Amino acid sequence: GLTSPVILKPLVACGAADTHTLCVVWSEAGAGSREARAQRSPLLAQELVPHDGVMVKGYAVGRAVHSAMRPSLPAAKPDGWPDVLVFDSQQPLGQALRPRSPGPSDAAARKQGRADPALGAEQDRALKPLGPQALCEIAQAISEAFGGLQLFGFDVVVERGSGRPMIVDVNSLPHSAQSFPGLPRALKAVFIRAHERQRLRALLRDRWAAGRAAGEP
């Protein structure tokens, strides 16, 4: 079974507005709550990986990878928050993490959503395993796992304690010039490689057919 806290994600992505609605069940007490049961199904239940409140969002186009650092969920339920937190992942962190059910005051929510400058150096150290080379290797592994996927987004965090990079999400989020600088050039490279592979396969197929016709083994 899964260990709390657990995050519930809709399996349908990039569709209606509620496909961005996520639900964090901080403890077993909230598993049967009205908020948890009300989430759009089917759902993916995933253990919330303990990390330092920051994630790296990766954008892959063929062999090219661009990344950006984003604030993430806290490692543990803040004091005064309910056992179930429902939020919109497309909203800024301070707004997205504000509970829809009664929780802390607006001032407290703003304080919790604001980054602590003292944590900057610690977060930088925590993200060292996610350098450019590591992100390219992660993107390559994801591509191979999904049969040669060429256009996708992914979220990675560094597990607290072990220091291991953990892929927490893979999606078909459409890229844009804002999320992926140099997007037209990267797409062109993908199309050229796909065309070259197709030509090579056609050439090998023709040579194989010609060899069979000539009686070659």
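A residue counts as buried when its relative accessible area is under 20%, as exposed when that area is over 50%, and as partly exposed in between. This report applies these terms to a predicted model.

## Overall composition

The protein contains six helices and eight strands. Along the sequence, these elements follow the order β-β-α-β-β-β-β-α-α-α-α-β-β-α. The protein has 217 residues, of which 33% count as buried. Its accessible surface comes to about 13,300 Å², and carbon and sulfur atoms account for 55% of that area. Among contacts between residues at least 6 apart in sequence, 59% join residues at least 24 apart.

Which strands pair with S1 in the antiparallel sense? One of them is strand S2, residues 21-25, which joins S1 over three bridges. Another is strand S3, residues 43-47, which pairs with S1 in the antiparallel sense over five bridges. Ile7 takes part in both pairings: this residue stands opposite Val24 in S2, and its bridge partner in S3 is Gln46.

## Salt bridges

A search of the whole structure finds three salt bridges.

| Asp169 | Lys9 | 3.9 Å |

The side chains of Asp169 and Lys9 meet in a salt bridge. This pair links distant parts of the chain: Asp169 belongs to strand S8 (residues 165-171) and Lys9 to strand S1, 160 residues apart. Is Lys9 buried or exposed? Its relative accessibility is 11%, so Lys9 counts as buried. Asp169, by contrast, has a relative accessible area of 25% and is therefore partly exposed.

Asp155 lies in strand S7 (residues 151-158) and Lys57 in strand S4 (residues 54-61), so the pair ties together parts that are 98 residues apart in sequence. Because its relative accessible area is 8%, Asp155 is classed as buried.

Glu159 counts as buried because its relative accessibility is 17%, whereas Arg164 is partly exposed, with a relative accessible area of 46%.

## An aromatic pair

The structure holds one aromatic pair. The ring centres of Phe152 and Phe154 are 6.0 Å apart, and their planes stand at 45°. Why is this pair described as tilted? Planes under 30 degrees apart count as stacked and those over 60 as edge-to-face, so the rest are tilted. The angle of 45° therefore makes the pair of Phe152 and Phe154 a tilted one. Phe152 and Phe154 are both buried.

Technical notes:
Residues are numbered from 1 along each chain as its sequence is written. This is a predicted model: local features need pLDDT of at least 70, side-chain atom pairs count only at pLDDT 80 or more; totals for chains, interfaces and linings use all residues. Side-chain values use heavy atoms; hydrogens and water are left out. Helices (H or I, at least four residues) and strands (E, at least two) are DSSP runs, numbered from the N terminus. Buried means under 20% relative accessible area, exposed over 50%, partly exposed in between (1.4 Å probe, protein chains only). Contact means heavy atoms within 4.5 Å. Accessible areas come from the Shrake-Rupley method with a 1.4 Å probe; for residues, only the protein chains shown count as cover. Two strands pair if DSSP finds at least two bridges between them. Rings of Phe, Tyr and Trp (its six-membered ring) pair if their centres lie within 6.5 Å; planes under 30 degrees apart count as stacked, over 60 as edge-to-face and the rest as tilted. A salt bridge is a side-chain nitrogen of Lys or Arg within 4 Å of a carboxyl oxygen of Asp or Glu.
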